[in-house]
Structure formats: C-alpha cells, structure tokens
Amino acid sequence: MTIGEQLREVWSLRGMKFTTLGRCVYEELSEGNIWGYAAQLAYYFLFALFPFLMFLAALLAYIPLPDLMEQIMALIGQFAPGTAAEMVQDNVKSLVSQPRGALLSFSMFLSLWVASSAIVAIAESLNHAYGVKESRPYWKVRGMGILMTIGLAALVIASMVLLIFGPQLGHWLVEYFGLGAAFDVAWLVLRWPVVLLLMMVAAALIYYFAPDVEQDWRWITPGSVFAILLWVSVSLGFSYYANNFGQYDRTYGSIGAVIVLLTWMYLSGLSLLMGGQINAEIEHAAAEGKDPGERQLPHCNTKHAPAQSHYQARGS
C-alpha cells in the first residue's frame, strides 16, 4: 500500500463514519479502563524520565557539540509546563554535574527496563481495545518492549536533533546541493512537519507491534495522526494553563512541580492510548478488518454477519 493510499485511509477512516467512530470511542472510554492504563503509563514515564536523561547526558558527552544538553532541556521546556521543565532541568544538572563511573551503563539499563514496562502496559491496553488476551510468552513481550524502547528512543533523539540543528542542517543542504535561499527559508518551516511525521511513525510502530493481533503495516494511521496532534495540543494547552492559571505550588507545596509533570505525562499517555483505541475501532468496522476478539486477519474481502451486526447495533 502506497503512502498516498494510506493518507486516503486516514482521511476516509477506512469507510467508517466520523460520528460512529466518535460514539464507539466514547463508549469504550466510558466502559474500559483506559484512564487506569494512562495513570500506569504516567508512573512508568516519570520513573524512566531521569534515567533516560542521565543516559542521554552521558552519551552526548562523547558528541563534540557545545551546550547540546542545554538545548535539549530548552526544547523540553517548549512543551512541558514551566515548573515541571525547571524541575527536570535542575535535577538533570545535579545528576550529571559530578562524574560517575557507572552512570552510562546503569542509566541505560534502568531506563530500558522501566520504559519497556511502559510498552508492556501499552500492549495490555491495546489488547483490551482489540478484545484479545495476551497469548505471547513473557520473554517475548518484554523483549518486544526493550527493542521498541530502543527504536523509539532513536526516533525521539532524531526529532530533537532535527529541531535543534534544523537551521544548520538546512544551510548545509543549501551549500552542498547548490540550492537557493528559498529552500533555506522553506526548510525552517518544513522541518516541523518532518518532526511530526517521525512522531507519527513512532506511534504507528507502537500500534503495530504492541497488541497481540495480526495487522497490515501502515506508516501513517488515523490513530497515530490523532494521537500526535492531540498530544501537541494538550501539551501546549496544559503548559499555558499551568504557567498562567494553575497554582499547584499553593495546593501541593514543594511537590507542585512533580504533580504538574505527572499530570502532563498522564495526558500524554492518554493521548497515545486514545489513538490506539481509534485504530482498533476502525479495524473492527472495516470490511477487510478483524472482529473484536480476533487475532488473525480474515482471508476473504468481506466480513461475516456477526461483525456487521455488532457495529449496526452501535449505530454504524
């Protein structure tokens, strides 16, 4: 399937009505445990954040680029609320200010293990969305989580590098290929869609490998588009609210910044899980998709009657 066909699927929702999709997702959000899974993800995200940043700081020490960690911290501050970003920046500075012999290996192991636990929690939530129970052995699920963590970390780092060094990369492309100044200006704008595309691919990888169901690979899915756009909107909106109206320090005292960070991570996890729920609903409604509870894709082009009646009962 070409990228153009996948984009048309995103726009058409594979034939599912937008109102029906919204109603089905709302029912699943009301009846399911997605709120609990989002809270579980927030805990794992918070637990894995500082080991990952410690590993990143230790790794970036071998890259001959000045103030790279400071620029990454500033980039985090553009999306995270101010108090939470300041807390992260202060703690990372204190953690890496003194040399630690086993910092790189310990941080890498801890961040991999905790972040893979988050992937396992996402897999459990997506299995619930598809109506299946986990049938893979523990070692396979955990190994998938570790490999996914490494791949997603690479995409995140690539996105950060593109955002931070986008202008310098644009100048290099102009000089190397002899492009005009118009490309240099256009690149400053185009790098943002490229970063969003990388994030959508990261979400698509999660939605493809995490659930215990058979799927056709798609670079872009309706759920990944929705999840990333929702995450950006929620992050910017919550950051604006926390910076201008929220008074978490008066309510929670010295741990107010932790509460803000945890809330932001909860909203981030919720956005990701909602995207997976959207993909599951569209898959169940599509003529060539699976019924709830099925793992294998049907070998014929039409679905049998129970699947049609299932969605007709829900207003499709």
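Author: The largest pocket is lined by 49 residues, and F52, L152, V156, M160 and W231 lie nearest its centre. Its volume is about 1,600 Å³. This is a predicted model, where local features need pLDDT of at least 70 and side-chain atom pairs count only at pLDDT 80 or more, while totals for chains, interfaces and linings use all residues. Residues are numbered from 1 along each chain as its sequence is written, and side-chain values use heavy atoms, with hydrogens and water left out.

Reader: What counts as a pocket?

Author: Rolling a probe the size of a water molecule over the atoms shows where empty space is left. On a 1 Å grid over the protein atoms alone, a pocket is an open set of points where a 1.4 Å probe fits, with protein on both sides within 12 Å along at least five of seven lines; lining residues have an atom within 4 Å of a point. A volume is the space filled by probe spheres set on the points, which are joined across faces, edges and corners.

Reader: Which element gives the largest share of the lining of the largest pocket?

Author: That's α7, with 11 residues. Helices here are DSSP runs (H or I, at least four residues), numbered from the N terminus.

Reader: And what about the second largest pocket?

Author: It holds about 320 Å³ of space. Among its 15 lining residues, L13, F18, L21, F226 and I278 are closest to the centre. The largest share of this lining, six residues, comes from α2.

Definitions and conventions. Helices (H or I, at least four residues) and strands (E, at least two) are DSSP runs, numbered from the N terminus.
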